[in-house]
Amino acid sequence: MPELECPVCGGRLQIPEDSLPGELFEHQDCGANLEYFQDEKGRPALKVAEEVAEDWGQ
Amino acid sequence: MYALDLDRDLAVTTLVQLLEVYTPPGEERRLERTWSRICMALGYNKFWRDEVGNFFASIGRGGRAIYLVSHVDTVPGELRVRVSEGKIYGRGAVDAKSSVASMLLAGHILHNRLQNSMLVVAGLVDEENRGRGAKKLVDEGISADHIIIGEPTNLVGVATSYRGSISIKVRATAKGGHSSAPYMAESALEKILNLWSQVRQEYNGSRYEEITSALTTLHGGDWASRLPDTAEGTINIRFPPPYVSSNILEKLNEYAARYDCRLELLDVTEPVSVNASNPVVKALIRSMLRLGLRPKIVKKTGTSDMNTLYNITTSIAACGPGNSLLAHTEGEFVTVEDLLNAVKIYAGAALELDRLSPADG
């Protein structure tokens, strides 16, 4: 299970082996919503997820 | 990980059959024959209705229960059903018969694929009215480990939050009088408008995070020169978590006393917000990513059966095909492509949930 750095607080976050690029994780320590991705060299990393969108209606 | 194949004509035919039966709240029983016919065609060997008229179909025998839940009623206003240029039109094409069809089709392609779970597809009644169908499931105490709600979220939206709703009837009486001397008279209509003005001032939000209010009906007066001695109206308040209905109702009662109005509570629905890391959210997101789609977490300004069914399990989220801006409009349609993708999203998410270890699920 890879351990990655939280881009918000610098803490560590464990990600499941079978994680898919685009998958979202909440960092329990700082509460940040993070998106798993692979950088240009194919290395696993985390970035801040897109802000939650508002959707009208039911 | 898995291939999920689906016949396009079967998908279109399934949705068209659901759309061809007009089912505003209270008239859902019209769908009974169609539901049975669809379930038999899709290979379900168990399908039934409960005491309030909710429709069900199930596959699998595993120890866990995964529920795919949407609703079979629509807002009133029948629309012609047609299929044209890759789009399916009709009342409920968005909200929410395309979700119902996709969920039934997901169960169809999952036959013999689930190892640990029973899959139940539920088409609830009365969602567009008082939510009797969902309340029945909570009152009955059904056992569900995970619930996916089928509501329009533009296919790739995963809704983790819905606002709450309060509907109240406001009534006022007054001595009335002649409009030539209003300073000696008293208007019931003005009492309600004074109350409304106060409510509007207090709850004047304009986005999800704020409490909003709307005056939705108003009746009073019958003559140009007579001040009305009775009047009534309806106010709807929408509120996000962490607000709760009790605080708002307390304030409304205070205003009613101040402006000499009487309140009748028509309906209260508490808001809901779930953790974006819960198993259903993760399963839906992973299913979309496998299909090459880009999921996003959304919070909804309205309410849905998720507000009620959250009381059964916190592993819950809403997701469904169709542009939510078209819901309740004369222009409801869903694309065939969205319908097919929704089937695969639901089926893929159910497989993800089925394969969770018991500790995770």
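Which residue in E5(A) does A:Gln38 stand opposite? I looked it up, and A:Gln38 faces A:Pro44 there. Before going on, I noted that this is a predicted model.

**Entry: chain A**

I went through the elements of chain A and found 6 strands and 0 helices. Along the sequence I wrote the pattern down as β-β-β-β-β-β. Along the principal axes, the C-alpha atoms of chain A fill a box of roughly 40 × 25 × 20 Å.

Next I looked for a sheet in chain A, and there is an open one of 3 strands, ordered E3-E4-E5 with antiparallel pairing. Strand E3 (24-26) and strand E5 (44-48) of chain A are its edge strands, each pairing on one side only. From one strand to the next, the twist averages 40°. I then checked how E4(A), residues 33-38, is joined to E5(A): 5 bridges link the two, and they run antiparallel.

**Entry: where the chains meet**

I turned to the contact between the two chains. On one side 18 residues of chain A take part, and they touch 30 residues of chain B. About 2,100 Å² is buried between chain A and chain B, and carbon and sulfur atoms give 46% of that area.

How many salt bridges are there between chain A and chain B? I got 5. One that I wrote down by name is between the side chains of B:Lys282 and A:Glu23, at 3.9 Å from N to O. I also have 4 residue pairs in polar contact across the interface of chain A and chain B, both residues of each at pLDDT 80 or more. On the side of chain A that touches chain B, the elements giving two or more residues are E3 and strand E6 (53-55) of chain A. I sorted the residues of that side of chain A into 7 nonpolar, 4 polar and 7 charged.

**Entry: a sheet in chain B**

In chain B I looked at an open sheet of 4 strands, in the order E11-E13-E9-E14 and with antiparallel pairing. Why is one side of E11 and of E14 of chain B left without a neighbour in the sheet? Strand E11 (212-220) and strand E14 (262-269) stand at the edges with a single partner strand each, so one side of each has no neighbour there. The twist in this sheet averages 15° from one strand to the next.

Inside the sheet, 10 bridges join strand E9 (residues 164-173) to strand E13 (residues 230-239) of chain B, running antiparallel. B:Ser165 stands opposite B:Arg238 of E13(B). Helix H5 (residues 188-202) of chain B packs on the sheet and touches E9, E11, E13 and E14 of chain B. The direction of H5(B) makes about 175° with that of E11(B).

Most peptide bonds are trans, and most residues other than glycine have a negative phi. I therefore jotted down the cis bond from B:Asp95 to B:Ala96, with omega near 0°, against that background. B:Ala96 lies in the loop between strand E5 (87-89) and helix H3 (97-109) of chain B.

Key: Residues numbered from 1 in each chain as written. Chains lettered and ligands numbered in written order. Predicted model: local features only at pLDDT ≥ 70, side-chain atom pairs only at ≥ 80, totals over all residues. Heavy atoms only, no water. Pairing = 2+ DSSP bridges. Axes fitted to C-alpha atoms, helices over the stretch in contact; angles between N-to-C directions. Contact = heavy atoms within 4.5 Å. Buried area = accessible area lost by both parts, 1.4 Å probe. Salt bridge = Lys/Arg side-chain N within 4 Å of Asp/Glu carboxyl O. Polar contact = N/O pair within 3.5 Å; in protein donor to acceptor, adjacent residues only side chain to side chain. Nonpolar A, V, L, I, M, F, W, Y, C, P; charged D, E, K, R; others polar.
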